[in-house]
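Please look over the sequence and the model below before reading on. The report that follows takes up contacts, nonpolar cores, a disulfide and salt bridges in turn.

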Amino acid sequence: MLGRSWKLLYLMAAVVMLLVACRDDEIPPAPTQDAAHTNRVSALPTEEPAPTTTLPPAPTVTLPPVAVTITATVTMEATPTLERIILQGKADFADDINPLTGEKVDDPDRLDRRPLAVKISNAPAKWVRPQSGLNDADLVFEHITEAGITRFTIIVYGQTPPKVGPIRSARLIDLELPAMYDASLAYSGSSEGVRQKLLNADFRPRILFAYEAGYYRTGEDKPTEHTFYGKPETFWNVLEEKGLNQRPTFNTFMTFHSDPPEGGQPANEAIVDYDWTIINWHFDGMSGRYRRWTDGEKHLDANTNEQVDAANVVVILAGHIEDRNICEQYYNGACASYSVQPQIFGTGPAVIFRDGQRYDATWQRIGRYDMFTFVDEKGQPFPLKPGNTWFQVIPIWYENPVTSNP
């Protein structure tokens, strides 16, 4: 189980091992495996057709029992307008309203395509930041990997970034997110244990493997694993050819409201502490959005060179466990770090920042195909601000992982 009382020497050694050992741009269907990761490739093949594969049956997924029963009585107001949005439940989301942001899109046809879950590096290295595509994502999930370093999974749907990356390897959380958002998964590869789980996942047909069209190398003079990028437009074309590029089916829907709810505390700054990475979100009263700093520097999106920002910052506090059957990093023939699984099912505490206010709430995800939804202390649906959302997924036992300043 993870802890926070690591000694400095161990932390430095772990990060060195992570940055040196984790070159994971591998092709998933490798037949044999005698190391932590699948075979690495330094260049992509050209126009290699996807293999014909007999898919395994979808596994039976049993979620842990939920100890909390939440009921909510919903009182709907008048028909929403673009100036004052009130969205709650499937019936409120018209064909031109993005269910992941609560915003109207200028081209409703964009919502008839499959969301893309793309794995993005956030290693603390000069050749990783700025990443591409963060501000065009509807949702971003930040979670810990090994040694406390974080990684992103972005959900791209309503917008079309020209490129996304650097794309890195999947983790156990990526067995959940494509199910939650009926998404395809784009990633560079994985450890053997995660690979086996992905190949047997219920969304296996929607996986975009590293040899398929849409991935490319930038040719930059930096470590190879940080030169792997993707073109979302091509990914959607590949899904179209497979007959899988259709409007997603969502089991649950987040609530959106243009007006902030009552009961918040002033919070013009949110500080999220992942040990090795410190994130500061500063509220900009002019735009009504939170702008991101990472480790004291402005966090930019390389596609536009603009600072990363969000309408909502949601801290998800959840249990995390190590899967001792899956090794992510080997050192001198022994496992140096095991795969970490965030327990993002059931219910748990959440801290939500919107409109310069902080709110304590409860996240819930009762079924496998449910997205995160939120309720207040009375069990009523908690509304997010229309716009994009950053989810900071943090182990629940971290000491003071989120603080705020008025």
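## Contacts of one phenylalanine

Leaving aside its neighbours within four places in sequence, with which residues is phenylalanine 391 in contact? In this predicted model, once those neighbours are set aside, phenylalanine 391 is in contact with Leu139, Val140, Phe141, Glu142, Tyr181, Met254, Val314, Ile316, Phe372 and Phe374.

## The nonpolar cores

The largest nonpolar core has 50 residues, and those that touch the most other members are Phe141, Tyr181, Leu198, Ile316, Phe372, Phe374 and Phe391. At least two residues of this core come from each of the strands β3 (139–144), β18 (312–318), β21, β22 and β25, and from each of the helices α2 (177–180) and α3 (192–199). Another core, of 41 residues, lies apart from the largest one, and its members include Leu208, Trp236, Val272 and Trp390.

As a general background, nonpolar side chains tend to be buried together in soluble globular proteins.

## The disulfide

The count of disulfides comes to one, and this disulfide joins cysteine 327 to cysteine 335, with a distance of 2.2 Å from S to S. The torsion about the S-S bond of these two cysteines is about 110°, so the disulfide is right-handed.

## Salt bridges

The count of salt bridges comes to 23. In one of them, arginine 354 pairs with aspartate 355, and their closest N and O atoms are 2.6 Å apart; arginine 354 counts as buried, at 0% relative accessibility. Aspartate 355 also forms a salt bridge with lysine 385, where the closest N and O atoms are 2.9 Å apart. This second pair links distant parts of the chain, since aspartate 355 is in the loop between β21 (346–354) and β22 (357–365), while lysine 385, 30 residues apart from it, is in the loop between β24 (383–384) and β25 (389–395). Both aspartate 355 and lysine 385 are buried.

A further salt bridge is formed by arginine 358 and aspartate 360, whose closest N and O atoms are 3.7 Å apart. Arginine 358 is buried, with a relative accessible area of 17%, but aspartate 360 is exposed, with a relative accessible area of 57%. Elsewhere, salt bridges that share partners join Glu176, Asp202, Arg365 and Arg368 into one network.

How values were computed: Residues are numbered from 1 along each chain as its sequence is written. This is a predicted model: local features need pLDDT of at least 70, side-chain atom pairs count only at pLDDT 80 or more; totals for chains, interfaces and linings use all residues. Side-chain values use heavy atoms; hydrogens and water are left out. A disulfide is a pair of cysteine sulfur atoms within 2.5 Å. A salt bridge is a side-chain nitrogen of Lys or Arg within 4 Å of a carboxyl oxygen of Asp or Glu. Buried means under 20% relative accessible area, exposed over 50%, partly exposed in between (1.4 Å probe, protein chains only). Helices (H or I, at least four residues) and strands (E, at least two) are DSSP runs, numbered from the N terminus. A nonpolar core is a set of buried Ala, Val, Leu, Ile, Met, Phe, Trp, Tyr and Cys residues joined through side-chain atoms within 4.5 Å. Contact means heavy atoms within 4.5 Å.
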